[in-house]
Amino acid sequence: MKVAFKMKLKPGMKAEYEKRHAEIWPELAELLSKSGISDYSIFLDEETNTLFAVQRLSGSSSQELGSNTIVQKWWEFMADIMETNADSSPVSIPLIPVFHLD
């Protein structure tokens, strides 16, 4: 199964967002993998600063791992460059699939 969601990057933070993800913590990458998340991509619409994420699941979505300490630390690490909720989690809006072609 695939899921998609959107998030919002603060203006001027593209380079920093890319840098932080290029250096993703090994323990976070391992957690995502062990949780059944693969083929995970994030795209940026530079006109609106909207981040569009897609991930293949055989378990939980990354958005469902919020009780994990590693995820909470990552959220805090990213909070200064993204729109976030009170708990530092990114404001994340699920997207509804309307078309797929194999």
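Which residues do ring pairs link into a cluster? The cluster is made up of W25, W74 and F77, where rings of Phe, Tyr and Trp (its six-membered ring) pair if their centres lie within 6.5 Å. The model is a predicted one, in which local features need pLDDT of at least 70 and side-chain atom pairs count only at pLDDT 80 or more, while totals for chains, interfaces and linings use all residues. Residues are numbered from 1 along each chain as its sequence is written, and side-chain values use heavy atoms, with hydrogens and water left out.

The aromatic pairs come to four by this rule. In one of them, the ring centres of W25 and F77 are 5.4 Å apart and the planes stand at 35 degrees, so the pair is tilted; planes under 30 degrees apart count as stacked, over 60 as edge-to-face and the rest as tilted. Because W25 lies in the loop between α1 and α2 and F77 in helix α3, this pair ties together parts that are 52 residues apart in sequence. Helices (H or I, at least four residues) and strands (E, at least two) are DSSP runs, numbered from the N terminus. W25 is partly exposed at 22% relative accessible area, and F77 is partly exposed at 34%. Here buried means under 20% relative accessible area, exposed over 50%, and partly exposed in between (1.4 Å probe, protein chains only). Another tilted pair is formed by F43 and F52, with 6.2 Å centre to centre and 40 degrees between the planes.

R20 is buried, with a relative accessible area of 9%. Its charged end sits over the ring of F77, 4.7 Å from the ring centre; this calls for NZ of Lys or CZ of Arg within 6 Å of the ring centre and within 35 degrees of the ring normal. A polar atom of the R20 side chain also lies 2.4 Å from the backbone oxygen of F77. Leaving aside neighbours within four places in sequence, R20 is in contact (heavy atoms within 4.5 Å) with W74, F77, M78, D80 and I81.

R20 also takes part in a network of salt bridges with E16 and D80, a salt bridge being a side-chain nitrogen of Lys or Arg within 4 Å of a carboxyl oxygen of Asp or Glu. The structure holds six salt bridges. One of them joins E46 and K14, at 3.3 Å from N to O. This pair links distant parts of the chain, 32 residues apart, with E46 in the loop between β2 (37-45) and β3, and K14 in helix α1. E46 is exposed at 55%, whereas K14 is partly exposed at 34%. R56 and D39 form a further salt bridge, with their closest N and O atoms 3.7 Å apart; R56 is in strand β3 and D39 in strand β2, 17 residues apart.

Finally, the interior. In soluble globular proteins, nonpolar side chains tend to be buried together. Not counting residues up to four places away in sequence, M7 touches Y17, L51, A53 and M82, among others.

Definitions and conventions. A polar contact is a pair of N or O atoms within 3.5 Å; within protein, one must be able to donate a hydrogen and the other to accept it, and residues adjacent in sequence count only if both atoms are side-chain atoms.
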